[in-house]
Amino acid sequence: MAVQWIKLLGWKKLMLILMFICVSIYTSACGRVTETEAGSMPADERSAILNDALANNNQFEPYFSDVLNQWKQAGYQDGNETFQVAGGGLSSHSERSNYQIGSYSGKNNVLVWNNKLTNWVEYDVQVDQTGLYELSLNYHPIDGADGGMQDFRPTVMAVTIDGKFPYREARSIEFPKLFRDELPIKKDKYGDDIRPRPQRIDDWIERPFKDNGGMYSTPLLWLFEKGKHTIRLQTHESIVIDTITLKPPVKVPDYSSVRAEKEFSKPTSADIIEVEAEIMDSKNDVELQLVVDQDAFMTPKADGRQIFNSIGGTRWEKGGEAITWRFSVPEDGQYKLGMRTFQGYQSNKRTFRTIYIDGQVPFQEFSAYPFDYSSSWQGITLGSKNGEPYEIYLLKGEHTVTLEATNSPFSDVLKDTNDVLNILSSVSHDLSALLGGEDDPNRTWDVQNEFPGIPNKLKIILDDLKIMKNELLSINGREDNNSQVIDGAIRDIEDMLRYPNDIPYKKSNISSIQQKLVSVQQPLSQSPLQIDKIYVAPAQAVMPRMEASYIEKVSNGFKQFFRSFTTSRQLSANDDQVVNVWMNYGRDYVNVLQDLADQYFTPESGIKVKVDLLPQEDLIVMANAAGKAPDVAIGMTEGKPVEMAIRGAALDISKFPDFKKVAEKYAPGALVPYFFDGKYYALPESQKFNILFFRKDILQRLGLKVPNTWEEVMDILPTLQQNGYSFNIPQDYFAFIYQNGAEFYTEDGLSTALDSPEGFRAFKQYTDLFSIYGIERQVPSFYQHFRDGDMPIGVGDFNMFLQLSVGAPEINGWWGIAPMPGIKQTDGSVRRWSGGGQQASMIFEKSKNKNESWEFLKWWLSAETQERFGSDLEGFYGITFRWNTANVEAFSRLPWQPEELNVFLEQWRWYKDMANVPGSYFIPREINNAWNRTVVDGQNYRSALEEAVLNINREIKRKAVEFKFIDKEGNKLKGYDPPQINQPWEGAVKYVR
């Protein structure tokens, strides 16, 4: 019978039929789902699954937009009365609040609130009518009373009503200071502009309570039932409060309504007013910076020089950042606005600005006005989609126009992205529980029937991703990079849902989708825009030309090309009349240091200094070989000074008589990387720390204490992991080596000491945390996980602190820092040794101005200069660029909160880096290889480390022979003898507050 079928059909047709049958069987076994089955689900079922998925991830209240919708559905209306509370009329305060009630800057009965720690004050308000209200604060900035450099940060407050946060955004509301640039702009020796310092505007500021991310273009609303209520303001910054006002929400009409209500005046005959954008009246963040642009139509023209001729760009992209310009019109009438802008930062993505005229949004269309993407400068007349300019009625006299960055059109997409990431995290946890840590490719699954929660969560994700993509297309009018990333995630989810029984094998796909969506969050919350000029023109006037012609662009391009061959800015060296300094930072850093040297060092010492920008650190090596090295190099990476010293290029600065006096200002462990062959070749200028970060709210909810030792870390891990959380430990072995009493080298430095009993114990502890205790092996962004709440505790560095301080205002006050966990000693103390990384300053051996260079180096690294330098940097760029100086005295003068400073100072006592000897570059490589062999491949920790020790010793010996510390027969000629640091440094203790 079978033979007859074969003859009838033929072999080829029979094989096709069999393949079809096999595919059908496989599809049935895999539980293939059709597109219809993978679609939407009933709302109540979706809500139940969603609540379950987000149960462990939602650490905060709902978003304001969700709460506002609930209030409106419940029938709450806008209030129609105004209530005001005096700043001096507080009803209660925290125990440690440091405040006075009195007069300040022309106002009486105000609250002068000097904060050093997190404190709160409360105000009682009697509301006569239930409704939704706006809150506004009339305040005055004030610096803390503890001295030190000026604090440029805004005052960030957590606001509760009757002891509760009504929504997530209430946890962090910013009240910024106002600044303007110091004019006129100074020029350097090349004729380039020097970035002006910010000057704080000391005046009273009236500001509504707004979200700090620019997610809403209107102020936040607050529900007050009829009766008495308590408003609590909590902050750790200082501020003066005049009044708190409750008032009805401001209703902004649309443009057509404004136009219909206003009686239009006759056309004006005024000239077009041109406002140079770089000449601003005020800005609410020092990070808003002037920009140099070489476009052919810029005013003033840069012509190849560094001339500040515009403002903004990527320095004006955070929601809520605002710039105000002042102008005057000669007569009453209708005017229109034009701008020359550049918005070419994210392909096809629109940027939005809230536009205020005299402090008010004139109509709804200005609540979030779009600026389309363009790869070149464009002239824009603000108007409707059909090209009709918006006309604004202005009275004769002075006016202001303010542009505030807003991300409100993207707020729903960002909120949905966060929810999708939380659901994906829930799916990842489900798969981990399902697999039990082992992937068995031979096991078969019936996920659709036995574990329906997993595909159901993926269906919700799929629906949300499609909505998000459509919203982005609607906002931008076309596809951009972000919508394409989301489209890729949609395809990934569809593939998983098509064969749900294969989902357990695709856990890595979930991680990949998470990374894709995380990559979308930051671009969507950024709104860069650069402005050259603002035009205020009579309504009937023709706008001037605002874009360069083709011929102008071509001509400018040729000029730029030929200017690239000029030598006016080449690095200088071998000038015996000055101390030549090469600085391995940005040009603004160079200008700041040159300005400080001209202002303070040269007048005091009589020594002239020329500071140049070193674009690449490796140029130092080539310059030295060519005999063109400078006198001093600043910003060198930690290993570069000894690398230069080995080749005879670095000067031994320890031979100067006062070196020991200067070196006493630094932790001994910070000087170790610059020691070689009995001499010191550099001094640290900046220093990082590894410290412990923890979420106060999550640990409190779990009943966990902040761990002080690694043993306590291991004790809290089960509770964290049982609740879906994790602990972050970077692959940094320094702490474990040093805390266990091990060293990287033997006393003579000619071999590694990692094969000591202490070294094996340290490596075992280090690897056990990953292989036995289940610490995440790779964490792409501890900052993001910490912010989201799924990794509420872990080790991070100084940059992590700055990131959280600037980029995570919604958890302000709900996270803290502590010293690194350590190992408890028999006397009860805890050994916390850890490194962190440094940058250093050095003098070159070929310098003809050695003594003058040493005088400059001492001045540059002094507490006074480091404080001034740090103050200028933070004034230009904000807290993101806080200068982590290695001078502990200068560091203590920065505007820290005492609890922050004391943690850094405690860790400073235990700071210890690794010495650099020839061949030491093998140590990190081989330890990482040993870690991989142990944690990833499952090799015994001892054999893995022994292999690493063998390779390290082989390389150190080879280099020792090369540099004649060991002869060719292996006999020791002399040792490196690196310093042995066994006791914590007490020099930081006196700065503890």
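**Close-up views of a predicted model**

View 1. Gln 100 stands opposite Val 112 in S4. Strand S3 (residues 99-104) and strand S4 (residues 107-113) pair in the antiparallel sense over five bridges, where pairing requires that DSSP finds at least two bridges between two strands. Strands here are DSSP runs of E with at least two residues and helices are runs of H or I with at least four, numbered from the N terminus. Two residues lie between S3 and S4 in this hairpin, and Ser 105 in the turn has a positive phi of about 50°. The model is predicted, and local features need pLDDT of at least 70, side-chain atom pairs count only at pLDDT 80 or more, and totals for chains, interfaces and linings use all residues. Residues are numbered from 1 along each chain as its sequence is written, and side-chain values use heavy atoms, with hydrogens and water left out.

View 2. Strand S33 (residues 690-695) and S36 run antiparallel and are joined by four bridges, with Ile 817 in S36 as the bridge partner of Phe 693.

**View 3. The crossing of H20 and H28.** The axes of helix H20 (residues 757-771) and helix H28 (residues 941-962) come within 10 Å and cross at roughly 120°. H20 and H28 are therefore oblique to each other, given that angles under 35 degrees count as roughly parallel, over 145 as roughly antiparallel, 65 to 115 as roughly perpendicular and the rest as oblique. Gly 759, Phe 760, Phe 763, Lys 764 and Thr 767 in H20 meet Tyr 941, Arg 942, Leu 945 and Glu 946 in H28.

**View 4. An aromatic pair within H20.** Tyr 766 and Phe 770 both lie in helix H20, four residues apart, about one turn of the helix. A search of the whole structure finds 68 aromatic pairs, counted when the ring centres of Phe, Tyr or Trp (its six-membered ring) lie within 6.5 Å. The pair of Tyr 766 and Phe 770 is edge-to-face, at 5.9 Å centre to centre with 90° between the planes; planes under 30 degrees apart count as stacked, over 60 as edge-to-face and the rest as tilted.

Methods
Axes fitted to C-alpha atoms, helices over the stretch in contact; angles between N-to-C directions. Contact = heavy atoms within 4.5 Å.
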